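Please open the structure in a viewer and have the selection tool ready.

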Amino acid sequence: MFKVKKICCIGAGYVGGPTMAVIAKNCPELDIKIVDINETRINLWNSNDLNNLPVFEPGLSEIIKSVRNKNLFFSVNVEEAIRESDMIFISVNTPIKQKGLGAGETSDLRWVESCARQISKIAIGHTIIVEKSTLPVKTAQTIKDILFSSKKNNKDDRSFTVLSNPEFLAEGSAIKDLENPDRVLIGGDDQKSMEELKKIYLNWVPERKIIFTNLWSSELSKLSANAFLAQRISSINSISAICEVTGANINEVSNAVGQDSRIGSKFLKSGPGFGGSCFKKDILNLVYLSKYYGLNEVANFWKNVVEINEWQQKRIYKEIVKRLFGNLADKKIAILGFSFKENTNDTRESPAISICNNLINEGAFLSIHDEIVKPSTIEKDLFQAEKNIENNHNNEIYEWEFQFDIYKCFKDSDAAIFLTEMPIYKNLDWQKISSIIKNPFWVFDTRSILNYEYIKEFNINIWQLGNGLNQ
Ligand code: NAD
Ligand code: UGA
């Protein structure tokens, strides 16, 4: 009887690494390999110094320490892992397509397709392929087509089933989300394979949380869940702008609205716009899918969620320029937080990138602090992400610096912009800050984390997102 003993995961990224680590911890009898074509990344996962793991997640290094080289192995040998495995998770990147048909809207599936082709050539016996990556609806059909067409003749006794098992973890709380998920979604058309995958999760997830659907419902549910979450953020961000002009306060409005049990309080925190590698990409996929099926009104509805998000980032940048007398040349600005949210080293689609690029373009010098993101990542983001911005970076001029010491960011600066909600930013010594900054000085609090009245006592100007007192 077919029984899953060995599994592998193709893609050792933000999803593959933590997901397999948690499976390894909860299923000691399973032999698990995570493989990747990126050798540097694999070396970092194998690093003796657990501070060097390529993904920062609270609680991750402790799990890696307990399971690595016991039942969890990191390797670049993709072929060997495919050949040995009964179940293969595909957890590769699916970014937005840059060129050709659907560019800027649908996902680039080259990495998924290349996995399917490799599996079709190398796998032996019966193999269950699990889509872990977030994919456009109907991708499972593409994978099936590639796999089934590889069967050479009737004597070829290899067989494949394809399941969809999207991941719902959020960065910064990945381990908590994986250990205690709201639900585990398994989409498929082969009951036995679905049960095999379910058995793995049953090692730590209660049965009532495991949902079975057909393949297309599963693929669509993942896109829809992200679209709903992002839509709440755009909704509250649009209200934040109304607060600022009417005298209302976004935290008070958000609290009052969220107390309605039908609405709920989560994901109602206004900020500089959602970042991260997925929300925008997944909504754009939904937009593309809707347009493809002629559902233009549906496409426009979701497109607006992305547009409000871009508008929010731009309007914050404009507020900054306006309050600094329309001129940023020769001004030093402290940037507190560069990742797309707190507790992660991930900067993909971080609002900090577009805001910082626009400020540099205005002639400002940025002094950037982030507790987790590496300076080299910031350098790459600032100098490779100007595509959408009218930007004239001059590499001859030194436009930014990285500071480990927050107070050095403030020294002789004209303004400070708070972009992430790291706890450390909530307890700064404003007495000390007031003695080292220039005057007049502006604080821009895009996450509403600072004590507005207290900071004003130090003769510091403060603009707070969604705060009607700004006037
Ligand atoms: P990532 O870029 O961090 O990792 C993907 C890895 O796949 C890379 O290391 C890459 O080298 C590797 N890879 C690509 N093609 C390969 C191949 N043919 N063989 C071996 N390795 C290959 O991406 P991620 O953030 O882990 O996201 C992966 C998928 O999960 C995406 O579809 C994303 O939408 C989805 N997702 C991400 C999150 C998140 O929080 N990051 C959460 C839920 C779902
Ligand atoms: C999000 C979803 O929360 C996950 O369920 C999903 O699996 C994942 O995307 C994915 O598919 O990649 P993630 O992007 O890691 O997770 O982080 P979130 O906590 O959702 O934050 C996304 C962005 O929204 C951040 O920039 C965050 O600052 C912002 N946000 C979030 C707000 O501005 N307000 C909020 O109330 C919540």
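Helices here are DSSP runs of H or I with at least four residues, numbered from the N terminus. The model is a predicted one.

**First stop: a pocket.** Select residues 279-292, which make up helix H11. This helix contributes 4 residues to the lining of the second largest pocket, the most of any contributor. The pocket holds about 270 Å³ of space. Next, select Thr106, Val137, Tyr288, Leu289 and Tyr292, which lie closest to the pocket centre among its 13 lining residues. By class, the lining comprises 8 nonpolar, 3 polar and 2 charged residues.

**Second stop: two helices.** Two packed helices are described by the angle between their axes and the distance between the axes. Select residues 296-323, helix H12, together with residues 351-361, helix H13. Their axes come within 10 Å and cross at roughly 35°, and the crossing is right-handed. To display the contact, show Gln313, Ile316, Tyr317 and Ile320 on H12, and Pro351, Ser354, Ile355, Asn358 and Leu359 on H13. The residues of this contact divide into 6 nonpolar and 3 polar, with no charged residue.

The structure contains 15 aromatic pairs. Select Phe228 and Trp302, which form one that is tilted. Their ring centres are 5.9 Å apart, and the planes make an angle of 35°. Where in the chain do Phe228 and Trp302 lie? Phe228 belongs to helix H9, residues 215-246, and Trp302 to helix H12. The pair thus links distant parts of the chain, 74 residues apart.

Key:
Residues are numbered from 1 along each chain as its sequence is written. Chains are lettered from A and ligands numbered from 1 in the order in which they are written. This is a predicted model: local features need pLDDT of at least 70, side-chain atom pairs count only at pLDDT 80 or more; totals for chains, interfaces and linings use all residues. Side-chain values use heavy atoms; hydrogens and water are left out. Axes are lines fitted to C-alpha atoms, for helices over the stretch in contact, and angles run from 0 to 180 degrees between N-to-C directions. Helices (H or I, at least four residues) and strands (E, at least two) are DSSP runs, numbered from the N terminus. A crossing is left-handed if the near helix is turned anticlockwise from the far one by less than a right angle, and right-handed if clockwise. Contact means heavy atoms within 4.5 Å. Ala, Val, Leu, Ile, Met, Phe, Trp, Tyr, Cys and Pro count as nonpolar, Asp, Glu, Lys and Arg as charged, and the others, Gly among them, as polar. On a 1 Å grid over the protein atoms alone, a cavity is a set of points where a 1.4 Å probe fits but cannot get out, and a pocket is an open set with protein on both sides within 12 Å along at least five of seven lines; lining residues have an atom within 4 Å of a point. Grid points are joined across faces, edges and corners, and a volume is the space filled by probe spheres set on the points. Rings of Phe, Tyr and Trp (its six-membered ring) pair if their centres lie within 6.5 Å; planes under 30 degrees apart count as stacked, over 60 as edge-to-face and the rest as tilted.
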